[in-house]
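The sequence and the coordinates come first.

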Amino acid sequence: MKLSKIKAILPTLNNVEFQLENGKFVPEHFHVTEIGVITKNFIDCGGNTRNEKVVNFQLWDANDFEHRLKPTKLLDIISLCEDKLGIEDSEIEVEYQSETIGKYDLDFNGNNFVLKNKQTACLANEACGIPEGNQTVESSDSNNTCCTPKSGCC
């Protein structure tokens with residue numbers, strides 16, 4: 001979801017609620033502790049230089065159980081950040097603490113903002129010899145990688 005879309009949705013809401021894909025809700029007393037721009041410059045395993053830019057929202061579950069972030073307040077925070085940081089209309093990435101800091105894409109289901117799980121992927125399939133559509137998600141404890149020795153990948 002782009003920043004312009006959340007700005008269009010917020011005025012239609014009575015409350016700001018975030019829900020994980022598994023159905024659990026971010027506690028209603030959450031805070032938005034940061035809004036900023038994250039730029040990532042990198043080289044993929046095929047040697048291609050890439051540049052990604054996202055608007056980052058960080059959600060924090062505080063112990064002040066009476067706190068509620070209203071849509072107008074979040075719009076004010078976004079506006080301040082746009083003004084002070086020159087934020088452009090980019091995709092939103094949300095950071096939220098679970099076992100570790102998770103990074104999520106953002107969607108809206110008609111009632112709540114949904115934190116969508118992100119996946120890793122090989123960005124240079126042709127360099128790694130991976131046919132389109134044949135990527136699989138490996139668990140973090142797997143010793144397998146998408147690239148084999150001497151394949152030209154990192």
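In this predicted model, a search of the whole structure finds zero disulfides. For Cys 122 the reason lies in the distance: the closest cysteine sulfur, that of Cys 45, is 3.5 Å away, which is too far for a bond, because a disulfide requires the two sulfur atoms to be within 2.5 Å. Cys 122 is buried, at 11% relative accessibility. Cys 81 is buried as well, with a relative accessible area of 12%.

| Residue | Relative accessible area | Class |
|---|---|---|
| Cys 81 | 12% | buried |
| Cys 122 | 11% | buried |
| Phe 113 | 0% | buried |

The aromatic rings are the next topic. A pair of aromatic rings is described by the distance of the centres and the angle of the planes. The count of aromatic pairs comes to three. One of them joins Phe 108 and Phe 113, with 5.0 Å between the ring centres and 55° between the planes, and is classed as tilted. The tilted label applies because an angle over 60 degrees would be needed for edge-to-face, and one under 30 degrees for stacked. Phe 113 is buried, with a relative accessible area of 0%. Ring pairs also link Phe 108 and Phe 113 with Phe 18 and Phe 30, and these four residues form a cluster.

Another ring, that of Phe 42, has a charged residue over its face: Lys 40, at 4.7 Å from the ring centre.

Which residue is the nearest side chain of opposite charge to Glu 95, and how far away is it? It is Lys 103, at 4.7 Å. Glu 95 is buried but has no salt bridge, because the cut-off for one is 4 Å. Glu 95 is placed in strand β4, which covers residues 92-97. Apart from neighbours within four places in sequence, the contacts of Glu 95 include Ile 38, Asn 56, Phe 57, Gln 58 and Leu 59. Ile 101, Gly 102 and Lys 103 are also in contact with Glu 95.

As for the fold, the protein has three helices and six strands. Along the sequence these follow the pattern α-β-β-β-α-β-β-β-α. Of the 154 residues in the protein, 34% are buried. Among contacts with a separation of 6 or more, 64% are between residues 24 or more positions apart.

Key
Residues numbered from 1 in each chain as written. Predicted model: local features only at pLDDT ≥ 70, side-chain atom pairs only at ≥ 80, totals over all residues. Heavy atoms only, no water. Helix = DSSP H or I, 4+ residues; strand = E, 2+ residues; numbered from the N terminus. Buried < 20%, exposed > 50% of the residue type's maximum accessible area, 1.4 Å probe, protein only. Lys, Arg positive; Asp, Glu negative; His and termini not counted. Contact = heavy atoms within 4.5 Å. Phe/Tyr/Trp six-rings, centres within 6.5 Å; stacked < 30°, edge-to-face > 60°. Lys NZ or Arg CZ within 6 Å of the ring centre and 35° of its normal.
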